[in-house]
Amino acid sequence: MALIPLDDPEVEPRSRWERYGSWLVVVVCCVFVASWVHVVGWKNGGFESLVFRDTTTNGGDMGAHVYWPWFLEREWFSAFRVQGWSPHWYSGFPIGQFYFPLPALAISLLDLIPFISYNQAFKIVVVSGPIALPAAAYYFGSKLRFPWPAPPLFAIVAVRYLFEVRYGLNNQPDATGWTIYGGNLASTMAGEFSFTIALALALFFLGSLAQYLRTGRRGWLPAVLLAGCVTSHIVVAAFAAVLALLVVAMIYGQWTTSERAESRSAWRRLWRLSLPPAVVAFLLTSTWTLPLVGAQHMTASMRYEKQHNWGSFLFGLKSVDPPDGDWTSSGSIPRPLWLWLLVMVAVFLCGWWRRSSTLIVLIGATFFGALFVVWPEHHIWNTRFAPFYWLLLGFAAAIGAAELSRLLGYLWVGSSDWIRAGDRLDYIAEVEAARDAAAHRTPADPEGDAIADPDAVAWTPPAFEMPPHLRDDHPRVARRRAITLSAVVSTFALAMGGYSFWWTTENKGVGEGWARYNFEGYESKPGWTEYKALMDAMGALEPGRALWETGRDEEKADNDGAFGNYGGDLALELLPYWTNGRIGSMEGLYFESSATMPYHFLTISHVSEKPSQPVRGLRYANDYPHEKSFDLGVRQMRALGVRYFMAFNPSTIERADAHPDLDLVTSIGDFDGVAPKQWKVYEIAEWALVAPLPYEPVVVEPVGGTQADCFGENPSFPTEKQFTLDDWECSAAPWWMQSDEIDRPFAESGPAAWSRLEDASDLASTEPKALPPVEISDVVETTDTMSFRVDQIGIPVVVRTSYFPNWRVSGADGPWRLSPNMMVVVPTDETVTLSYGSTSWDWLGRVGTLLGVAGLIWMVRRRPDRAAWFALGVRPGRVDGFGVAPHSAPASDPMNRSMSSAPTYDAPTSEPGAGFDDPSVVAPPNGPPRPAAGDDPGPSEADDPR
């Protein structure tokens, strides 16, 4: 008798109580997460919900994300666009062009509901990803039919994944190494909520894809979910695509091994199923993805340094000298040893029971772990792939825990069956002994007299019937076996799940605290009165762009940002939000979305005591004498179209007060007793959005290179890393930092009459061509247009708004890109109008989205029997997705299983009385019945090739 089955057979559908129990686990997980992100909770004996408190979300990048959905709802809903031009950050930038529109769109749509405020809508969308992630993990596990109880364990893994901050990374045992890489709660509250939303959508997509490939029904669902994932985060969409390919390969393997389809026909039918959702998803997103691809060259790179400590990230090791040093054991391992043991169990039993679903998780984790190691420095940081590895590794551990639970259940139930088999043999032996005794006893007549001739009366042995408690096919025995098996498995699984919940509560990291800090809002911060007074003072000024001084708070021991008392270092990025679009902020979020962004931070380095220097590979003003660089910074602000300079450091205010081109227009005193202790706002003399040029621009052919190539200087240290700059930035950044050349901008293209140079560094050695003065008047700027008048035509003028290919001009030639990233036009009429239009990529994307909507309608309206050609010779709905009729799956199919039916075990044929598993058989005295001639006795354990 086999206590542990070799093929782990199961029968669908799952028992009802297993489904209900799994759903209960998912609900508990989701409510648990909701309580920690303060959707529900109690404080001081009363109900408290920070999510539904009408306060403006603050904190890090999160506090600046507030701007975009507000702008989208205010400016672009009426134009039916999800991306357009914003004049409020970085001298104008294409908002929504290079960042993910779905979360912002969801916030704006929720705000349209009368009883939900904008602040509440924003918080609801932020927490939707973490709360939905456990449910998405369970859906993924159940639809891919991982062995129960793996799916509910996936939900518990998702909870632990959300709260992890990975202590011990990068040789820092007490520091958190994972807060902004994406996926966990800390990343979400730091501003990466779109990543978490996309991750939940990706898991829902993978589950719905597997379900669709099994049934041929509801193909529109994976299409919609994939489109949502793409428009929430493009990196997570890559994760979904890789795992989707593995799911398709799994389905193909199931179809071909089912002996119902040849390889060629299986591939043909599989692609007929798979391509429509993929094509429809691509078309639905094309209104955003195609312009993204078409204008990719206009993005800016932060040049994030690749993380080389793969031993620390992937295996909990630390390096002596990364990346080439020896890897040694770390005292603070991010992943505990028992996790690796569970993963090894999953790996072993994946091969033992041939579980293709487990193989998907293992291959996926290996792929993204390897991608983290080999991915080069790129716009996409290699750390973005680490969260996928960590999540899949957790799923693998959950599978190992589920397998151990099942093995324990099989041992328990198998032992019970073994005892029952022994009792059955004892009973059979008693019956046989009774028969033997009766056969040798002298029969008596009905009146009790002995019969002299025993052969004169025919003797009939008593009928044999197995007692109910010894019959394997008796409903009560089968039900007790199933309940016992499930109870043992559930107890073991819940014990591990309970431990995981306990660990999460004890090691909840920073996520819960950040959620409280963020959702309490700007209005609850100690510096709110001062912050609001500053915003009100700026809102009372004439419209214009403002550049504010960045820096650190010297009074704080941890050298924290100067604006922490306001609610976050980026609090002033909300200048356009609080002033209703009247005052723009030069600094904003979505750094990569603006090609003007590097020149803003180079300018900041001239006018701030402790400037922010986030873009790697540049040479900032700390390489220059500060007394000279402040004047250059003022000139740079004027060149960027900045009207107001906001200063708070005493030394900066001293320089600003002494500068002849800065006029004080307003000031704000100290309200909260901590830095910043004062604000002074200066207007820059002769600022203008459109201005004449002193010299005719020169057309330069930009060439990229390393820092040394671009800046013409060697690194500070021989071992200093050399970053590579793209063509335009390599030419414009060094020019921008030269005080003598800032009045001589160069263009990327222009009229044939303009001079040409091979290198921007040759500007200093060429004689400039002076231009006659031009009077510019009636400058009017709206959200996506700018108009002005000139008194002379044919003379180029600079438009101090960021260049982007969508800009169109009437009444002038151009626009052409002008250093650092402005626009130059040559008027052909006295009235010139620039408008932010649409490129061929935009129109192609819109047409694609309309086709995607049509395809989605077709998929929704398609009847199941119209998809009969999808199936492997059987109508959809009559066959499950692997080409096997329901409840008839071969026992070796590891994807069509449940714990609702316990396996049956054959007693060894060498034992006496073996074969009495059928209680309806009347056992003759000479032993069990033999199979009749021609009957197939069925396979035995000896036939198993293992």
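Select strand β23: Met822, Val824 and Val826 point one way, Met823, Val825 and Pro827 point the other way, and all are buried. Buried means under 20% relative accessible area, with exposed over 50% and partly exposed in between (1.4 Å probe, protein chains only). In a regular strand the side chains alternate between the two faces of the sheet.

Before moving on, note that this is a predicted model, where local features need pLDDT of at least 70, side-chain atom pairs count only at pLDDT 80 or more, and totals for chains, interfaces and linings use all residues. Residues are numbered from 1 along each chain as its sequence is written, and side-chain values use heavy atoms, with hydrogens and water left out.

**Stop 1: around β23**

Stay on residues 822–827. Strand β23 is mostly covered, with 6 of its 6 residues buried. Helices (H or I, at least four residues) and strands (E, at least two) are DSSP runs, numbered from the N terminus. Two strands pair if DSSP finds at least two bridges between them.

Look for valine 799, opposite methionine 823.

A hairpin of 3 residues joins β22 to β23.

**Stop 2: a sheet of four strands**

Select β18, β19, β24 and β21. They form an open sheet in the order β18-β19-β24-β21, with antiparallel pairing. Which strands lie at the edges? They are β18 (776–781) and β21 (807–810), each pairing on one side only. Neighbouring strands in this sheet are turned by 15° against each other on average, direction ignored. Axes here are lines fitted to C-alpha atoms, for helices over the stretch in contact, and angles run from 0 to 180 degrees between N-to-C directions.

Zoom in on β21 and β24 (residues 831–836). They pair in the antiparallel sense over 4 bridges. Pick valine 809; its bridge partner in β24 is leucine 834.

**Stop 3: the disulfide**

How many disulfides does the structure hold? It holds 1. A disulfide is a pair of cysteine sulfur atoms within 2.5 Å. Select cysteine 710 and cysteine 730, which are joined with an S to S distance of 1.9 Å. The pair links distant parts of the chain, 20 residues apart: cysteine 710 is in helix α22 (residues 707–711) and cysteine 730 in helix α23 (residues 727–736). The link is left-handed, with -110° about the S-S bond. Cysteine 710 counts as buried at 10% relative accessibility. Cysteine 730 is buried too, with a relative accessible area of 8%.

Now jump to cysteine 29 and cysteine 30. Cysteine 29 is buried, at 0% relative accessibility. Cysteine 30 is buried as well, at 15%.

**Stop 4: two crossing helices**

Select helix α5 (residues 118–143) and helix α6 (residues 150–163). Their axes come within 7 Å and cross at roughly 150°. The two helices are therefore roughly antiparallel. Angles under 35 degrees count as roughly parallel, over 145 as roughly antiparallel, 65 to 115 as roughly perpendicular and the rest as oblique. The crossing of α5 and α6 is right-handed.

Show side chains at the contact (heavy atoms within 4.5 Å). Among those from α5 are Pro130, Leu133, Tyr138 and Phe140, and α6 residues include Pro151, Phe154, Val159 and Leu162.

Finish here with arginine 160, in helix α6. Arginine 160 counts as buried, at 10% relative accessibility. Arginine 160 and proline 134 are 26 residues apart in sequence and 9.7 Å apart in space, C-alpha to C-alpha.

**Stop 5: a mixed sheet**

Last, select the open sheet of 5 strands, ordered β8-β7-β9-β11-β10, with mixed pairing. Its edge strands are β8 (583–585) and β10 (662–668). The twist averages 30° from one strand to the next.

Find β7 (residues 544–548). It runs parallel to β8, joined by 3 bridges. Arginine 545 stands opposite glycine 584 in β8.

Then show helix α19 (residues 597–607). It lies across β7 and β9 (642–647), running at about 60° to β7. Helix α21 (residues 650–658) also packs on the sheet, touching β9, β10 and β11 (679–684). The direction of α21 makes about 30° with that of β11.

Technical notes. A crossing is left-handed if the near helix is turned anticlockwise from the far one by less than a right angle, and right-handed if clockwise.
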